[in-house]
Amino acid sequence: MRSHHMKHWLGLVTALSGGVALNVASFAQDASGGSGLADRGLEEVVVTARNRSERAQEVPIPISVLSGATLDRDRTFTVAELSQRAPGLTATTPNARRSGISIRGIGKTSGNDNMEPAVGVIVDDVFLGHVGMTYQDFTDLERVEILRGPQGTLLGKNTSLGAIKYTSRAPSFSPQASLELEGGLSTESYKARGSYSNALIDDLLAFRASAFVDRQEGDIENVANGGHWHERNRHGGRVQFLLQPSSALSVKLNLDGAFTHENSNTKPFMVDPTTLNDGSVRSTTYTTRLARDYFGGYTPIIGSWEKIELDMARPLITDNYGASAVVTWNAGAVELTSVTAARWFHFDAKNDQEQTRFAVARSGTLVDTRQLSQEFRLTGAINDRVDYQTGIYLFNIDTDTTSRNTYGADAGAFYASDSQYRALNTAAGRPLLQASLRDVFAVTNQKPVSDSAAVFGQVNWHLTERASVTIGLRQTWEYKTNVVYRRTTLLDGSALVSTGNATADAIRSAQTGANYGTIEGTRIKDDSIAWLINPSFQLSDDVLLYASASAGEKSGAVAFDNNGGIANVEPEKSLNFETGVKSQFFDDLLTLNVNVYYTRVRDYQNVTSEPDPTSPTGFSSRLGNIPEIRAVGTEFDAAFRVSENLQITAGGAYNEAEYTDWSTATCPRSFPSSVAVCNNTGRQIVGAPRWTGIFGFDYQLPLASGFGAHFFGNHVYRSKHNLEQLLSPYGEQSGYSLTDLGAGITHETDSAKYELSIVAKNAFDTKYTTSVNDFSNSAPVGYDGIGPRRYVGVILRSSF
């Protein structure tokens, strides 16, 4: 008991001293990677979290900001890497479709194309409607802003729990160029990033082009046919044009794309329990199936972080691309902004289902998504004390998603029940075992379509020179449809025919399920209201007090159960209260921001698992509603300029995120089948560590003749938390820390800057995962969200 308490207090000390990723932009760096610090104090940070330029310290909401140069320095390009820098932000990215982003432990989605993100991601004023659109490297950025709490009264779609706002570096009318080359020391890799901006027509038309290549060898060896998995193999780019025919009018056109073709979607098997939690022995398991003499004494790989065996898997393909046009017209009394955008998302996964050298099964989903959006914003002032923003938002997204299962010659011997296997394990029966599932191709297709329209507005009333209140309101109308069908054929498209043996046919039907034709779901036609009341008081020039009450809603979904039955999902409703202080001390040498919050979510949308006798595993996953969850906690972030050359960032978060009403949860698979219902009320929600801490430093040492030395680092700590959707005892991730370190030599001339640096990501080679799949009767516990292992690279960066 004393040891338990000691670990608890050590975690507390680590969280409060290392803390959460502070408002790093409080000492924002310039685009070339320099410190960008003013002669005294921390540099003033300007953000656009509320669709207008404001000092970060004057925005009365909890917000974390990272400058583009800080992101470049720390090699923070993905959402998963961003979660190591920002308080309350967590992410799981085993692949694009299973990506999940949460704030304060709430909002993570996983593997369901009907589900809208609760944490919105907005890139250059364009809301990304499918969470898979975030699965890419974000480069050439001006900054990233992480906003906590409902943001539906102003930003993008009606996000109910928070938003991440990416802003790219804009075209310049004067020449700007940068080039970065990187090679791996600890693993075979090469990476490159570059950008160039200049005027095409002086004072009228400018452009900016950027591109990246990210190739990194995987850290898991595939012993079946060579090669390494868990790799990066991606590239992309962005082209922007800025037209400014007058000081009052600007038009920005954006074209971008990011593409991956990588052996990355891995799920190492870690443990295959032999007993349930009551001590009873599991009769049929993954291990016992492979122990059948058909497989010749084969021993599968279970429990390895370094090796995997994949025979039928293929590289994962993810394409993200789009175009947008942002028109801004300053008409004097008002400013009108139009954002017109289209985006496309393509995903193609072909995974080795059982992860052996045998031809058993390949599964994966094919997704094609298209979204169109149009936003109009009007900004102005009624008088000296009242200003406003209002607008309309139109959004359409349609998806074609197909779940696919392909079976090989060895599938029958693997998926047969023990009695079926005994019946056919003869010289005459083995060909029937193979014929039962060989070349069988089963698909389930859905086509969810969503149309959304909204009107929104915020009014800022400056009661006095120091007291203000912001009131926001949004009305959203949603219309959703969906259809589904299931079809099973042979790989060549021909119809299935009987094997001529009842046992072999039973093996097939148990695995594929019953076919059904097109079923139309129950349409959703609904409306919702989001609101915000946000008073603030400037106690002094350096201290801002604020509070907020807000509510948001994420629309429901037209959904089906595993057999095509109607199973619509209810809207998710959130209520949030915040209060906090933003302050600066010692002539702006220290920035300290603290906030506390209370968030309640009713009908929380979540992909969960439930018993299903028609499923070959005995369970099926389904999008549904959890009655209620609640998060209560506190966060702080800080920046401190210790000296002219040294800056420190720190913060901390405590998050008590619990299921306040989930008494009818499905029990984890470690429970016997006679215990079907578990009471999870009062338990910490999935994927939500109670304690989080982040500490960073940046030290620049001037040397002679324009040379300098640069040292930097970032450390994140997360306390233990459960990562399995039903809170299985096998889903617990122990508390862990991740440390990134870097050092470099810089040289600066009147026209250019160069830096040669070495960077270590996950310097102490911590093993961890961000997602866990529980075992079934045909698979062990799988870690499908394992984090990257230690990487050391050398980077040559130049800007001129």
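In which strand is Phe241 found? Phe241 is found in strand 15, residues 232-246. Helices (H or I, at least four residues) and strands (E, at least two) are DSSP runs, numbered from the N terminus.

This is a predicted model, in which local features need pLDDT of at least 70 and side-chain atom pairs count only at pLDDT 80 or more, while totals for chains, interfaces and linings use all residues. Residues are numbered from 1 along each chain as its sequence is written, and side-chain values use heavy atoms, with hydrogens and water left out.

**Phe241 and its surroundings**

- Phe241 has 30% relative accessibility, so it counts as partly exposed. Buried means under 20% relative accessible area, exposed means over 50%, and partly exposed lies in between (1.4 Å probe, protein chains only).
- Leaving aside neighbours within four places in sequence, Phe241 is in contact with Pro171, Leu200, Leu205, Ala206, Phe207, Val251, Lys252 and Leu253. Contact means heavy atoms within 4.5 Å.
- Phe241 and Leu200 are 41 residues apart in sequence. Their C-alpha atoms are 9.3 Å apart in space.

**A nonpolar patch**

- Leu179, Leu181, Leu185, Leu756, Ile758, Val794 and Leu796 make a nonpolar surface patch of about 600 Å².
- Patches are made of residues with over 30% relative accessible area and no salt bridge; like charges are joined within 9 Å, and nonpolar side chains (Val, Leu, Ile, Met, Phe, Trp, Tyr) within 5 Å. Accessible areas come from the Shrake-Rupley method with a 1.4 Å probe; for residues, only the protein chains shown count as cover.
- Strand 10 (176-184), strand 41 (753-761) and strand 43 (791-799) each supply at least two residues of this patch.
- Val794 is found in strand 43. Val794 counts as partly exposed because its relative accessibility is 30%.

- Five strands form an open sheet in the order 3-8-9-6-7, with mixed pairing. Two strands pair if DSSP finds at least two bridges between them.
- Strand 3 (63-67) and strand 7 (126-127) stand at the edges. Each has a single partner strand, so one side of each is left without a neighbour in the sheet.
- Strand 6 (residues 119-123) and strand 7 run antiparallel and are joined by two bridges. Val123 stands opposite Val126 in strand 7.

**Strand 22 and its partners**

- Strand 21 (residues 361-381) pairs with strand 22 in the antiparallel sense over 21 bridges. A hairpin of four residues joins the two strands. Val367 has Thr401 in strand 22 as its bridge partner.
- Strand 24 (residues 449-462) also pairs with strand 22 in the antiparallel sense, over 13 bridges. Here Ile397 has Ser450 as its bridge partner.
- Strand 23 is joined to strand 22 by six bridges, and the two run antiparallel. Asn405 stands opposite Ala442 in strand 23.
- Gln389 is found in strand 22. Gln389 has a relative accessible area of 3%, so it is buried.
- Residues that Gln389 touches, not counting those up to four places away in sequence, include Arg50, Leu154, Arg377 and Phe456.

**One face of helix 8**

- Helix 8 (residues 502-512) has Ala504, Ile507, Arg508, Gln511 and Thr512 buried.
- Seen down the axis of helix 8, its buried residues fall within an arc of 110°, so they line one face of the helix. The arc is that of the directions from the helix axis to the C-beta atoms.
- The elements they pack against include strand 22 (386-407), helix 5 (411-415) and strand 26 (483-490).

**Salt bridges**

- The whole structure holds 53 salt bridges. A salt bridge is a side-chain nitrogen of Lys or Arg within 4 Å of a carboxyl oxygen of Asp or Glu.
- Asp140 and Arg169 meet in a salt bridge at 3.4 Å, N to O. Asp140 lies in the loop between strand 7 and strand 8 (141-148), and Arg169 in the loop between strand 9 (162-168) and strand 10, so the pair ties together parts that are 29 residues apart in sequence. Both Asp140 and Arg169 are buried.
- Arg630 forms a salt bridge with Glu656, with the closest N and O atoms 3.2 Å apart. Arg630 in strand 32 (residues 619-641) and Glu656 in strand 33 (residues 646-661) are 26 residues apart, and the pair links distant parts of the chain.
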